[in-house]
Amino acid sequence: MSSDLQVDKRFQKALELFNDANWYLAHDLFEELWQETHGPERVTIQAFLQVAVAQVHLEIGNNVGATILYGEGLGRLRRVG
């Protein structure tokens, strides 16, 4: 991960929100960063986005949607190592 992203306050806040299970707000910040990012970092951020949305789906009882998004997110993380 680039040092630019690691020191970006939005990234730090997104991680904090994600770790606090504040899925929707974490998603919003990750999406903003995702729009500005390229390469492997973009794939990693997209994975976090998908896991956050999977959690939202799980909370509303959409197990199929959650399972699909978890699979896509975890698959992206495997690819970038």
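1. Alanine 21 is partly exposed, with a relative accessible area of 40%; here buried means under 20% relative accessible area, exposed over 50%, and partly exposed in between (1.4 Å probe, protein chains only). Alanine 21 is not a glycine, yet its phi is positive, about 65°. The residue is found in the loop between helix 2 and helix 3, where helices (H or I, at least four residues) are DSSP runs numbered from the N terminus.

2. The model is predicted: local features need pLDDT of at least 70 and side-chain atom pairs count only at pLDDT 80 or more, whereas totals for chains, interfaces and linings use all residues. Residues are numbered from 1 along each chain as its sequence is written, and side-chain values use heavy atoms, with hydrogens and water left out.

3. A search of the whole structure finds five aromatic pairs. Rings of Phe, Tyr and Trp (its six-membered ring) pair if their centres lie within 6.5 Å; planes under 30 degrees apart count as stacked, over 60 as edge-to-face and the rest as tilted. One of the pairs joins phenylalanine 18 to tryptophan 23 edge-to-face, at 5.1 Å centre to centre and 85° between the planes. Phenylalanine 18 counts as buried because its relative accessibility is 14%; tryptophan 23, at 12%, also counts as buried.

4. Phenylalanine 18 also pairs edge-to-face with phenylalanine 30, at 6.2 Å centre to centre and 80° between the planes. Phenylalanine 18 lies in helix 2 (residues 9-19) and phenylalanine 30 in helix 3 (residues 23-36), so this pair ties together parts that are twelve residues apart in sequence. Both phenylalanine 18 and phenylalanine 30 are buried. One aromatic cluster is formed by Phe11, Phe18, Trp23, Phe30 and Phe48.

5. Which residues does phenylalanine 18 contact, leaving aside its neighbours within four places in sequence? They are Trp23, Ala26, Phe30, Phe48, Val51 and Ala52, contact meaning heavy atoms within 4.5 Å.

6. The largest nonpolar core has 15 residues, and Phe18, Phe30 and Ile45 have the most contacts inside it. Such a core is a set of buried Ala, Val, Leu, Ile, Met, Phe, Trp, Tyr and Cys residues joined through side-chain atoms within 4.5 Å. Helix 2, helix 3 and helix 4 (39-59) each supply at least two residues of this core, and the largest share, six residues, comes from helix 3.

7. The charged end of arginine 42 sits over the ring of tryptophan 34, at 3.9 Å from the ring centre. The criterion is that NZ of Lys or CZ of Arg is within 6 Å of the ring centre and within 35 degrees of the ring normal.
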